[in-house]
Amino acid sequence: YEGHISNTTSGRKCQSWSSQSPHQHPFTSTRFFPDGAMSRAGNNCRNPNSARPLGPWCYVDSEGSNNSTEWEYCNVPMCGMRLQFLFFDYIIPPLI
């Protein structure tokens with residue numbers, strides 16, 4: 001996922017991927033990000049290295065909050081799959 005959703009399913013703001021605060025994380029290499037750089041990923045939802053099985057997520061920017069939640073999934077809509085066959089394009093909707 002390379003979109004610009006930057007809030008979790010509960011509406012909380014995502015922590016910037018280039019920041020180690022308030023939560024430290026191991027995703028410091030550009031190879032984890034489809035954007036090619038953590039700075040371009042900003043605080044948008046991602047799934048670096050397919051670390052979480054249910055899709056895009058982020059560390060929660062809980063600065064100044066009493067909530068100890070470290071990360072949450074993001075509500076990113078699933079896309080259909082594009083299939084080309086005999087010079088025609090078909091869009092197959094998601095099965096959800």
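**A buried proline and its surroundings**

Guide: P48 is buried, with a relative accessible area of 0%. The model is predicted.

Visitor: How confident is the prediction, and which element has the highest mean pLDDT?
Guide: The mean pLDDT of the protein is 81, and 75% of its residues reach 70 or more. Strand β3, residues 81-85, has the lowest mean among the elements, at 56. The highest mean, 94, belongs to β1.

Visitor: Where is P48 found, and which residues does P48 touch?
Guide: P48 is in the loop between α1 (38-41) and β1 (57-59). Leaving out residues up to four places away in sequence, the contacts of P48 are W17, F27, F32, F33 and W57.

Visitor: How many Å apart in space are P48 and T30?
Guide: In sequence, P48 and T30 are 18 residues apart. From C-alpha to C-alpha, the distance between P48 and T30 is 9.6 Å.

Visitor: Which residues does F27 touch?
Guide: Residues up to four places away in sequence are again not counted. P48 is one of the residues that F27 touches.

Visitor: Why might nonpolar side chains be found together?
Guide: In soluble globular proteins, such side chains tend to be buried together.

Visitor: How many disulfides does the structure hold, and what pattern do they follow?
Guide: The structure holds two disulfides. If the bonded cysteines are counted along the chain, the pattern is 1-3, 2-4.

Visitor: What parts does the disulfide of C14 and C58 tie together, and how many residues apart are they?
Guide: The sulfur atoms of C14 and C58 are 2.0 Å apart, and the two cysteines form a disulfide. C14 lies in the segment before α1 and C58 in strand β1, so the parts tied together are apart in sequence by 44 residues.

Visitor: Are C14 and C58 buried or exposed, and what is the handedness of their link?
Guide: The angle about the S-S bond of C14 and C58 is -75°. Both cysteines are buried, and their link is left-handed.

Visitor: What about C45 and C74: which parts do they tie together, and what is the handedness of their disulfide?
Guide: C45 and C74 form a disulfide with sulfur atoms 2.0 Å apart. C45 is in the loop between α1 and β1 and C74 in the loop between β2 (71-73) and β3, so the pair ties together parts 29 residues apart in sequence. The torsion about the S-S bond is about -85°, so this disulfide is left-handed.

Visitor: Is C74 buried or exposed?
Guide: Buried means under 20% relative accessible area. C74 has 9% relative accessibility, so C74 counts as buried.

Visitor: Is R12 buried or exposed, and which side chain does R12 join in a polar contact?
Guide: R12 lies in the segment before α1. Its relative accessible area is 17%, so R12 is buried. A polar contact of 3.3 Å joins the side chain of R12 to that of E72.

Key: Residues are numbered from 1 along each chain as its sequence is written. This is a predicted model: local features need pLDDT of at least 70, side-chain atom pairs count only at pLDDT 80 or more; totals for chains, interfaces and linings use all residues. Side-chain values use heavy atoms; hydrogens and water are left out. Helices (H or I, at least four residues) and strands (E, at least two) are DSSP runs, numbered from the N terminus. Buried means under 20% relative accessible area, exposed over 50%, partly exposed in between (1.4 Å probe, protein chains only). Contact means heavy atoms within 4.5 Å. pLDDT is the predictor's confidence in each residue, from 0 to 100. A polar contact is a pair of N or O atoms within 3.5 Å; within protein, one must be able to donate a hydrogen and the other to accept it, and residues adjacent in sequence count only if both atoms are side-chain atoms. A disulfide is a pair of cysteine sulfur atoms within 2.5 Å.
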